[in-house]
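These are my notebook entries on a structure that I am looking at for the first time. I wrote down what I looked up, entry by entry.

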Amino acid sequence: MSNQNRRIAFLQEMGLGPVWSQRAAMLQTLEPEVASLSEVVEPVAVSATATAPLRVAEPSASAWGDDDLVSTPAAVPVAPTALVQPATNIGSMNWDQLKAVVSNCTECGLCKGRTQTVFGVGDQKARWLFVGEGPGRNEDFQGEPFVGPAGKLLDNMFVAMGLKRGENTYIANTVKCRPTDENKRDRAPVAAESDACMPYLQRQIELINPSVIVALGKTAALSLLKLDPATPVARLRGTVHRYTDIPVVVTYHPAYLLRAPKEKSKAWADLCLAMQTYADKANG
Ligand code: URA
C-alpha cells in the first residue's frame, strides 16, 4: 500500500472521506485492499489533503461540554491526599530520574488505585507532543498511553498527519495514574489531581521541547493553558494558544470522537491547524 493510499485510508477511518461527489472515483484509484477496508462514511466539507489552517466555525458550547471527557460518568470529587515527601527538584531531573519519581508518586489519591503509573511514550526529542487526559483501564494494565480503542484512533490521526507513534511524536497524559469512580469505571481527573501531576508534565515538556503541542480534550487543554474550569472550551478550538512559548492547538479527545464521529471533521481541521503551525515554525 502506498503512503498516499494509506493516508487516504486512515482519513476515511477518521470519518474524513473524500469531499464532494469524487468519493467514488477516489476509491476506484485506491488499491483493492484499501477500498475494501474503507467503511461508508458521510462526506464532510474538509479537504483530505489540506494543510492550510482552517478557521473552523465556533461550535456551540454543548459540542464540548462534558462530552469530550474520556469517561462517561461525571467526575467525582476526590480530595487530594496530603503531600508525601514532595519531590522539589523535578525541574532539574533527567528522564530516568523523572520516570523513577513518577513511578513512586503518592502526591494524590490516584496512586491508591493504580496498577502502575503511565509515564508517556515516544521519541524524547519529538517535535510533536500530544497530551491526553489520563490512563484508562487498558493503559493502567499495559503501562502505555492510548493503547485502547481511543489509542487506535489516535494512531490513525497520526497517520493522516503523516506521523507515527514513536517517531517524532511523544504521547503524554495530564495525569499518570488511572482515575476511576466508585464503580471502578474510568473518569476524568479532578482539578486537584491534574494540579498534583502537572509538575511531571511540565518537566516532560521541558525535556522534549516540542515544536507544537496538541491538547487532546478538555482536561489537557485546561491544565496546559491554566484556564478556569468554567472556560467554554469550545472557544479554544481554531486558535493557536501558547504553553510558555510553545504553540498549543486544542482538539477533541479521541475517546469523544469515538462517541461522536461526526465531530471528526472538526478534529481534522484542528490537526490541519497544528500542521500549519508546525510548518510555519519550521520555516522560521
Ligand atoms: N485517554 C487518555 O487521555 N489517555 C490515555 O492514555 C488513554 C485514554
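Between which two elements is the place of Gly134? I found Gly134 in the loop between β2 (128-132) and α5 (137-142), where helices (H or I, at least four residues) and strands (E, at least two) are DSSP runs numbered from the N terminus.

Before going on, I noted that this is a predicted model, in which local features need pLDDT of at least 70 and side-chain atom pairs count only at pLDDT 80 or more, while totals for chains, interfaces and linings use all residues. I also noted that residues are numbered from 1 along each chain as its sequence is written, and that side-chain values use heavy atoms, with hydrogens and water left out.

**Entry on the ligand.** Gly134 turned up again here, since Glu133, Gly134, Phe146, Asn173 and His253 come nearest among the 9 residues around the ligand, a residue being counted if one of its heavy atoms lies within 4 Å. I then looked for polar contacts, which are pairs of N or O atoms within 3.5 Å; within protein, one must be able to donate a hydrogen and the other to accept it, and residues adjacent in sequence count only if both atoms are side-chain atoms. A nitrogen atom of the ligand lies 2.8 Å from a polar side-chain atom of Asn173, and a side-chain N or O atom of His253 is 2.8 Å from an oxygen atom of the ligand. The protein buries 97% of the 240 Å² that the ligand exposes when taken alone, areas that come from the Shrake-Rupley method with a 1.4 Å probe.

**Entry on α6.** I checked the length of helix α6 (residues 149-160): its 12 residues should span 16 Å at 1.5 Å a residue, and the end C-alpha atoms are 17 Å apart, which agrees. The expected span is 1.5 Å times one less than the number of residues. The buried residues of α6 include Leu153, Leu154, Met157 and Phe158. After α6 comes Gly162, with a positive phi near 80°.

**Entry on Glu193.** Glu193 lies in helix α7 (residues 191-208). With a relative accessible area of 2%, Glu193 is buried, and a polar atom of its side chain lies 2.8 Å from the backbone nitrogen of Val190.

Definitions and conventions:
Buried < 20%, exposed > 50% of the residue type's maximum accessible area, 1.4 Å probe, protein only.
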